[in-house]
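Thanks for coming, everyone. Please take a moment with the sequence and the model on the screen before I start.

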Amino acid sequence: KVILFLFSIAIYGLIKSDKEYDKIVDVERKEGEERGIIKTAKNLLQLNIAIEDVSKATGLSIQELKNLE
């Protein structure tokens, strides 16, 4: 998180507008959320939680979860 934040600050001077900067930060935030969801799904699967329940909890499809195993 810190590295991405510092990277964002470093490139801020190269960006033409605040709107463009906000878009980049939003993309980084979404990618971080996706990584968090995947990490949570993996942890739940390791706890032997039913794959259907993990799917409901994370919003990932059964196939996406099977690909994580």
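Let's begin at aspartate 26. Its relative accessibility is 29%, so aspartate 26 counts as partly exposed. Here, buried means under 20% relative accessible area, exposed means over 50%, and partly exposed is in between, with a 1.4 Å probe and protein chains only.

A word on the source. This is a predicted model, in which local features need pLDDT of at least 70 and side-chain atom pairs count only at pLDDT 80 or more, while totals for chains, interfaces and linings use all residues. Residues are numbered from 1 along each chain as its sequence is written, and side-chain values use heavy atoms, with hydrogens and water left out.

Back to aspartate 26. What does aspartate 26 form with arginine 29? A salt bridge, with the closest N and O atoms 2.5 Å apart. By salt bridge I mean a side-chain nitrogen of Lys or Arg within 4 Å of a carboxyl oxygen of Asp or Glu. Aspartate 26 and arginine 29 are three residues apart in helix H2, so about one helical turn separates them. Helices are DSSP runs of H or I, at least four residues, and strands are runs of E, at least two; both are numbered from the N terminus. Arginine 29 is partly exposed too, at 41% relative accessible area.

Aspartate 26 has another partner. That is lysine 30, and here the closest N and O atoms of the salt bridge are 3.4 Å apart. Both residues lie in H2, four residues apart, about one turn of the helix. Lysine 30 has a relative accessible area of 43%, so it is partly exposed.

Now arginine 29 again. Its side chain also meets that of glutamate 33 in a salt bridge, 2.6 Å from N to O. Glutamate 33 and arginine 29 are four residues apart in H2, about one turn. Glutamate 33 is partly exposed, at 44%. Shared partners join Asp26, Arg29, Lys30 and Glu33 into one network. The count of salt bridges comes to three.

Next, helix H3, residues 51-58. Which residues of H3 are buried? Ile51, Val54, Ser55 and Thr58. They sit on the same side of H3, because they cover an arc of only 100° around the axis. That arc is taken from the directions from the helix axis to the C-beta atoms. The face turned away from that side carries exposed Lys56 and Ala57.

What do the buried residues of H3 pack against? Helix H2, residues 18-46, and helix H4, residues 62-68. After H3 comes glycine 59, with a positive phi near 85°.

On to the core. The largest nonpolar core has six residues: Ala41, Leu45, Ile51, Val54, Leu60 and Leu65. H2 and H3 each supply at least two of its residues. A nonpolar core is a set of buried Ala, Val, Leu, Ile, Met, Phe, Trp, Tyr and Cys residues joined through side-chain atoms within 4.5 Å.

Look at leucine 60. Leaving aside neighbours within four places in sequence, leucine 60 is in contact with Ile37, Ala41, Ser55, Leu65 and Leu68. Contact means heavy atoms within 4.5 Å.

Last, the whole chain. There are four helices and zero strands. Along the sequence the pattern reads α-α-α-α. Of the 69 residues, 19% count as buried. That's my tour; questions, please.
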